[in-house]
Amino acid sequence: MQLNGIPASPGRAGGRVVRVADAPGEPPVGPVPTDPDTEAGRIGPAMELVSARLQARADAATGDAKDVLEATITMVGDPALLENAENLVREGRPAPRAVWEAANTFADMLAAMGGYMGERATDVRDVRDRIVAELQGLPAPGVADLAEPAVLVAADLAPADTAGLRPGVALALVTEQGGPTSHTAILARSLGIPAVVGCAGARELVAGGFVVVDGTTGAVEEVGSAEEAAVIVEAVDAVEWDGTGRTADGHLVPLLANVGDAEGAAAAAERRAQGVGLFRTELAFLSATEEPSEKRQREVYDGVLGAFAGKPVTARTLDAGADKPLPFLTLEGEPNPALGVRGLRIARVPGIGADVLERQLAGLAAAAKETGAELKVMAPMVATAEEARFFVQRCRAHGIGSAGVMIEIPAAVLVAREIMAEVDFVSVGTNDLAQYLFAADRQSGAVAALNDPWQPALLRLIRMLGEASAETGVPVGVCGEAAADPALAPVLVGLGVATLSMGSGALAAVGASLADLTLEQCRAMAAAACAAPDPITARQAAASTP
Ligand code: PEP
Ligand code: MG
């Protein structure tokens, strides 16, 4: 059988299929147990088993992952949870339903308390799912510890699950849901793990069987044996790039890297990134259940900035929300988190994000002093000039000389001149800008075609930003996935984009592509792509521009 999905992280790898189990759904209210005592007696041992499994994982883990697991174990061992669930069985619920209800009551109570206790609600729901799965004889939800290298197949993977994967052990990823700019796809790319997302039928792949996954073409092929699956082909052809982004006629376009931690920054420096254009600070803290301490934040910031002493590093303040929920910085119960209080909006909520922003800015400023990197800081999810002004003021209060905002919301493009009057630079997040422009969830494979960065409507928005930049003198960069496409990079430059930031694996190919073309050619390609009626024609039009 061959399946086809959306290519999300290049490279080809094969191996045995390990299925990542979904969380169990809500268990039915009935039937009423015939022997309530025996039914109630099943709950304690199930909790102990779940607890022992988590403990084994905690023993092997370090850092944030260990802290999360230990907090979760405390929840499994809670005697009140056991007692309430047992009582519910005696009132006539089957054991899985009783655990579901008891845990939900507990989680709702914690959520209502807010603050640190409110954040524990997520742990309780995780525990609930594990115990319910155990009682129903289903596999434990989430990514299991892999005993040997394997290809992971899932309905979907949370960014926190993906971030914890190790290349070489997780050989490749295949998910039924997900789009190419979802954070799971971005993380897979940065880890160098081949991935195919939005792959219909992935759930039919047999656990224990063998597949070959091609993250470059999107093909997932079932094969008969481990030998047939044992293919590992180089991801990208090596190309030459001298480490300075420029067009053939010498127009400079610094090529920067998107990173999330010190390891990624070191790899980017090795690949000759001219700086960091997007340091996604939230990625280091995806599994932290409380605000990371000053010391922990400094470790992460010093690690990234330290790899780029004397070079620009643009750190983005915590972009929490939607598909990147930070347990310590997420509002519970939002019906539509992608349109809710996320990004900079959380940083303006007193008692939740406001102090977190202050401490983060202080930590970043101190890291810049310590490492000698040229720090720039930008805010995510900015819609208005007033928000931009607020953010720049906060940065100045911490002595940060260069402050900017991301342009990810179409409204921000329409008031670009007003925003540019407040900031030192802007950076276009094409992943979210496309999502909000087309009302198309970037995590959904079904609407991936709308999130194609070659969509002329998206290119025309970027053209408006280029024009505003030329008028105001405030530089505009691109740090969304669009910048990593060697064919699109010249179009962006032709639209007036001054810097491009990308996963460091794309630097050489983008550098080589720009070096082949003059600025005039880039401009002609941009005009042709913008005038096209659809993404396919836009690609062709740019490619065939003389
Ligand atoms: C973007 O939205 O394009 C972006 C760069 O930010 P993120 O992918 O982290 O949302
Ligand atoms: Mg974004």
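Modeller: Domain bounds come from an automatic or database domain assignment. For the protein chain, that assignment gives domain 1 (2–21 + 143–237), domain 2 (36–136) and domain 3 (255–518). This is a predicted model, where local features need pLDDT of at least 70, side-chain atom pairs count only at pLDDT 80 or more, and totals for chains, interfaces and linings use all residues. Residues are numbered from 1 along each chain as its sequence is written, and side-chain values use heavy atoms, with hydrogens and water left out.

Biologist: How many residues of domain 1 and domain 3 take part in the contact?

Modeller: Contact means heavy atoms within 4.5 Å. The C-alpha centres of domain 1 and domain 3 lie 27 Å apart. In the contact, domain 1 takes part with 15 residues and domain 3 with twelve residues.

Biologist: And what is the area buried between domain 1 and domain 3?

Modeller: The size of an interface is often given as the accessible area lost when the parts come together. Buried area is the accessible area (1.4 Å probe) that two parts lose on being put together, summed over both. Here it is about 1200 Å² between domain 1 and domain 3, with carbon and sulfur atoms giving 60%. Thr181, His183 and Ile186 supply 45% of what domain 1 buries against domain 3, more than any other three residues.

Biologist: Which elements give two or more residues to the domain 1 side?

Modeller: Helices (H or I, at least four residues) and strands (E, at least two) are DSSP runs, numbered from the N terminus. Helix H7 (159–163) and helix H8 (183–191) are those elements on the side touching domain 3. H8 provides the largest share, four residues.

Biologist: How many salt bridges does the whole structure have?

Modeller: A search finds 32. One of them pairs Arg203 with Asp22, with closest N and O atoms 3.1 Å apart. Arg203 lies in the loop between strand S6 (195–197) and strand S7 (210–214), and Asp22 in the loop between strand S3 (12–19) and helix H1 (36–41), so the pair ties together parts 181 residues apart in sequence.

Methods:
Chains lettered and ligands numbered in written order. Salt bridge = Lys/Arg side-chain N within 4 Å of Asp/Glu carboxyl O.
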